[in-house]
Amino acid sequence: MAGVSIQNVEKAFGGVRVIHGIDIEIADGAFVVLVGPSGCGKSTLLRIIAGLEDVTSGAIMIGDTEVNDMAPKDRDIAMVFQNYGLYPHMTVAQNMGFALKLAGVNKAEIAKRVGNAADILNLDALLDRFPRQLSGGQRQRVAMGRAIVRNPQVFLFDEPLSNLDAKLRVQMRAEIKQLHQRLKVTTVYVTHDQIEAMTMADVIVVMHDGVVKQAGSPLDLYDTPANLFVAGFIGSPAMNFMDATVTSGALVFADGQHLPAPEGAALTDGQVVRVGIRPEDLVVADAGLSTRVRIVEPTGAEIHVGAQLGDTPVTVVLRERHDLHPDQTLTVAPLAGRLHLFDPKTEARLN
């Protein structure tokens with residue numbers, strides 16, 4: 001096993017730069033998730049690590065070795081793709097062992113490694129089946145097994161769960177996390193789904209427009225997003241944002257309503273700030289912000305309320321049962337210490 005070091009990596013296609021000087025240190029044995037919207041550069045960066053794309057500048061280190069000029073097969077990595085990539089005419093066992101066969105590994109060793117991987121992934125009873133006889137989740141397990149048998153230094157996953165239905169995605173992300181806990185192989189995982197990122201990662205790297213917006217543990221990014229982009233991207237439903245003016249220690253909103261400014265924030269009178277409040281951090285209260293209910297969505301465990309604060313839409317997630325209906329007035333207040341303040345121009349966090 002080995003860590004991965006991404007050192008000032010840039011990538012351009014012709015005159016278009018898609019990766020802008022990225023630096024990431026991935027510790028040996030870590031599970032790191034690259035997350036961001038489509039077109040942010042996360043899959044391109046993964047392909048650079050794999051050797052499927054060349055760097056324009058910068059360096060990729062796997063362990064102590066720079067791999068910029070190495071072919072993918074020489075990098076000691078194994079990649080699991082979104083579309084499985086199984087050979088339809090081969091059995092599960094043959095698919096899992098095919099790369100070892102090409103590498104000249106003897107039949108006994110191939111059988112041993114395939115058997116070990118099948119045991120880990122609960123594929124023992126499926127080794128003689130063909131891909132057409134498998135479910136989507138089983139095919140993804142076979143693709144993972146094909147990676148495991150190679151005993152690589154690094155696993156690379158490129159949106160491996162995107163083709164699965166919602167229930168199976170939940171099951172498979174738990175299985176991948178358990179697999180990592182068992183094997184302790186350095187893993188870089190790409191997804192656009194922030195719930196996948198939050199539930200699976202040791203470290204999340206949030207990317208946007210070819211740059212890293214923030215890297216840290218899932219709860220660090222949730223509790224203290226460094227900028228507006230991360231604040232809006234991490235969390236579901238998304239964080240509420242509204243502009244306010246600092247006036248005598250209060251945050252005054254466009255409709256005249258106000259909240260106390262957080263203690264310890266370096267704010268000045270007249271300063272305009274963007275206030276962020278997570279939907280789950282708002283509670284029904286006697287005093288606070290008066291909103292107008294637009295839509296009520298019971299989910300069972302929670303009630304999602306779409307409301308209006310002046311001209312600004314606001315989402316509230318309530319865990320208690322309330323008899324709410326459209327056009328009703330609902331007064332809510334943020335939990336103590338749960339306000340997030342950002343500079344509207346620089347988008348940087350202020351508190």
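Is Arg17 buried, exposed or partly exposed? Arg17 is partly exposed, because its relative accessible area is 44%. The scale is this: buried is under 20% relative accessible area, exposed is over 50%, and partly exposed lies in between, with a 1.4 Å probe and protein chains only.

Now the ground rules. This is a predicted model, so local features need pLDDT of at least 70 and side-chain atom pairs count only at pLDDT 80 or more, while totals for chains, interfaces and linings use all residues. Residues are numbered from 1 along each chain as its sequence is written, and side-chain values use heavy atoms, with hydrogens and water left out.

Back to Arg17. Its partner is Glu10, in a salt bridge with the closest N and O atoms 2.9 Å apart. A salt bridge here means a side-chain nitrogen of Lys or Arg within 4 Å of a carboxyl oxygen of Asp or Glu. Glu10 counts as partly exposed because its relative accessibility is 22%. By this rule there are eight salt bridges.

Next, a network. Lys11 and Glu53 meet in a salt bridge at 3.9 Å, N to O. That pair links distant parts of the chain, 42 residues apart. Lys11 sits in strand β1, residues 4-13, and Glu53 in the loop between α1 (42-50) and β4 (57-62). Helices (H or I, at least four residues) and strands (E, at least two) are DSSP runs, numbered from the N terminus. Both Lys11 and Glu53 are buried. Arg47 also forms a salt bridge with Glu53, at 3.5 Å between the closest N and O atoms. Arg47 counts as partly exposed, because its relative accessibility is 30%. Shared partners join Lys11, Arg47 and Glu53 into one network.

Now Glu159. Where is Glu159 placed? It is in the loop between β7 (154-158) and α5 (166-183). Glu159 is buried but has no salt bridge. The nearest side chain of opposite charge is Lys42, 4.3 Å away. For charge, Lys and Arg count as positive and Asp and Glu as negative; His and the chain ends are not counted. What Glu159 does have is polar contacts: its side chain meets that of Ser162 at 3.2 Å and that of His192 at 2.7 Å. A polar contact is a pair of N or O atoms within 3.5 Å; within protein, one must be able to donate a hydrogen and the other to accept it, and residues adjacent in sequence count only if both atoms are side-chain atoms.

On to the nonpolar cores. A core is a set of buried Ala, Val, Leu, Ile, Met, Phe, Trp, Tyr and Cys residues joined through side-chain atoms within 4.5 Å. The largest has 46 residues, and Met96, Met144, Ile176, Tyr189 and Val206 touch the most other members. Helix α4, residues 136-148, gives the most to this core, with five residues. A second, separate core has 28 residues, including Ala2, Ile19, Leu34 and Ile60.

Last, some backbone points. The peptide bond from Ser236 to Pro237 is cis, with omega near 0 degrees. Pro237 is in the loop between α8 (228-233) and β11 (240-247). Asn151 is not a glycine, yet its phi is positive, near 50 degrees. Asn151 lies in the loop between α4 and β7. It counts as exposed because its relative accessibility is 52%.
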